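Please look at the sequence and the structure before reading on.

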Amino acid sequence: MNIRNKSIQNIKAAELLIKNSDEKEQYYASSIHCAYYSCFQLLKYTLNCKCDIKIPYCIQNSKTKSMSHENIKDAIIKDLQSNAEFYELTTFRTSFSNLKKLRMKADYYNQIVDLTDAKEAISDEENIKNILYEKYKIS
């Protein structure tokens, strides 16, 4: 299975986790985790297959090249700067930053994660996905 398909599966999982939550069992933190990784996997796919200067998965995953999540996001922003509108870049940056903060809250902090957080993560992932699909003609 390729990384783009993993991205699609993760966003579907995020939505199912929200749908299957109730007062007794809530999966909002797991939903945010899936939404973030859906976005991150789409960034990796875009860098490998769609950017003007492609960065192959083997380089993205190389321990010696240190392609952190932040580096991968920055490489996409650099590529987007040549063909995206200002508001798209702003939306991309804001959505990614917010999604990353939500993932940190969901995965690492001893804080309550609620339905509002989970829906916000889905919305941020959608914003990023829509920009990448439009700008890179991903179908």
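Which residues are buried in α4? In this predicted model, local features need pLDDT of at least 70 and side-chain atom pairs count only at pLDDT 80 or more, while totals for chains, interfaces and linings use all residues. Residues are numbered from 1 along each chain as its sequence is written, and side-chain values use heavy atoms, with hydrogens and water left out.

The buried residues of α4 are I72, K73, A75, I76, I77, D79 and L80. Buried means under 20% relative accessible area, exposed means over 50%, and partly exposed lies in between (1.4 Å probe, protein chains only). Helices are DSSP runs of H or I with at least four residues, numbered from the N terminus. Against α2, α3 (57–60), α5 and α6, the buried residues of α4 pack through contacts, that is, heavy atoms within 4.5 Å.

**The nonpolar core**

A nonpolar core is a set of buried Ala, Val, Leu, Ile, Met, Phe, Trp, Tyr and Cys residues joined through side-chain atoms within 4.5 Å. The largest one here has 39 residues, of which L43, I76, L80, F92 and L132 touch the most other members. At least two residues of this core come from each of α1 (3–19), α2 (28–49), α4 (69–80), α5 (86–107) and α6 (115–136). The largest share, eleven residues, is supplied by α2. Apart from neighbours within four places in sequence, L43 has contacts with I72, K73, I76, F92, F96, I128 and L132.

**Helix α5**

In α5, the buried residues are E88, L89, F92, S95, F96, L99, L102, R103 and A106. They lie on the same side of α5 because they cover an arc of only 170 degrees around the axis, taken from the directions from the helix axis to the C-beta atoms. F86, Y87 and K101 are exposed on the other side of α5. The buried residues of α5 pack against α2, α4 and α6.

**Aromatic rings**

The structure holds four aromatic pairs. Rings of Phe, Tyr and Trp (its six-membered ring) pair if their centres lie within 6.5 Å; planes under 30 degrees apart count as stacked, over 60 as edge-to-face and the rest as tilted. Two of the pairs are listed below.

| Pair | Centres apart | Angle of planes | Class |
|---|---|---|---|
| Y36 and Y37 | 5.0 Å | 80 degrees | edge-to-face |
| Y37 and F40 | 6.2 Å | 85 degrees | edge-to-face |

Y36 is buried, with a relative accessible area of 0%, whereas Y37 is partly exposed at 22%. Together, Y36, Y37, F40 and F96 form one aromatic cluster.
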